Amino acid sequence: MTASSSSSESPVTQALILAGGQATRLRPYTDTRPKAMVEVAGRPIIDYQLEWLTEHGVEQVVVSCGYKAEVLREHLDARSGGPEITLLVEDEPLGRGGALRYASSGLRDQDAPYFALNGDVLTWFPLDEFTAHHRDRGGAATLALAQFRTTWGIVDVDDQDRIEGFTQSPLLPVWINAGVYLFEPEITPLLPTKGDHESSTFPDLAKEGRLTAYRIDGFWRGVDTAKDVKEAGAEITAMRDAG
């Protein structure tokens, strides 16, 4: 177990949100706004994220942005309540790993762990359980994983090659990076100043046995395309109506 993860049992109260990408696959939604400001079921993605983080005791959120930063700044300045928000604007695209490292410079407590979220993720799961799992496993970083849902339909075939039925977009028994992390402070200097942490930092940590996983049991949806916006909106509306 790492010294930092074992020495503190206090809740994690700071987080980063990466909101700097141009998200060309989300056009036309992102023609006039960054992807974190794309509305799903009537609300910007970042509002869902900030509300979720606040409900779990997060007091400060650093938002790293670049593309259409002024739209995000205007929206965040108009918000009331919730966590303290620090907005950092990238002078040039840094890649996701570089953006994480850059955003971490705005954290109030450089010696404390922090959550990190991609700006295109909608999810709800208990962050206190996530934190407890992280500390129990003793990793330097923990990745939340989501079960993979294929966009293709699955054909069910018996051993006589008769088609028995069809399943549209099922969950498959494999897990993907959900874009939600919990980092010990020792991870920050290991992130690239420019580039992608998933092709550098994470493989190195995995080889060293310092990277752990938490499987999400709850709602998760990545919003990458216009189709995702519509489908996620329908899912969230259905959950609201049911609740």
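**Aromatic rings and their partners**

Q: What does R215 do with its charged end, and which ring is involved?
A: This is a predicted model, and in it the charged end of R215 sits over the ring of W175, 5.6 Å from the ring's centre.

Q: Which ring does R43 lie over?
A: R43 lies over the face of Y48, at 4.8 Å from the ring centre.

Q: OK, now ring against ring. How many aromatic pairs are there?
A: The structure holds 11 aromatic pairs.
One of them is Y114 with F183: the ring centres are 5.7 Å apart and the planes stand at 85 degrees, so this pair is edge-to-face.

Q: Where do Y114 and F183 lie in the chain?
A: Y114 is in strand β6 (residues 114-118), while F183 is in strand β11 (residues 171-183).
The pair therefore ties together parts that are 69 residues apart in sequence.

Q: Is Y114 buried or exposed? And F183?
A: Y114 counts as buried because its relative accessibility is 1%. F183 is buried too, at 0%.

Q: Why is the W124 and F219 pair called tilted?
A: Their ring centres are 5.0 Å apart and their planes are at 35 degrees. Tilted pairs fall between stacked, under 30 degrees, and edge-to-face, over 60.

Q: Which strands hold W124 and F219?
A: W124 lies in strand β7 (residues 121-124) and F219 in strand β13 (residues 219-222), so parts 95 residues apart in sequence get tied together.

Q: Last one: which residues form an aromatic cluster?
A: W52, F115, F125, F130 and Y214 form one together.

Key:
Residues are numbered from 1 along each chain as its sequence is written. This is a predicted model: local features need pLDDT of at least 70, side-chain atom pairs count only at pLDDT 80 or more; totals for chains, interfaces and linings use all residues. Side-chain values use heavy atoms; hydrogens and water are left out. Rings of Phe, Tyr and Trp (its six-membered ring) pair if their centres lie within 6.5 Å; planes under 30 degrees apart count as stacked, over 60 as edge-to-face and the rest as tilted. Helices (H or I, at least four residues) and strands (E, at least two) are DSSP runs, numbered from the N terminus. Buried means under 20% relative accessible area, exposed over 50%, partly exposed in between (1.4 Å probe, protein chains only). A charge sits over a ring if NZ of Lys or CZ of Arg is within 6 Å of the ring centre and within 35 degrees of the ring normal.
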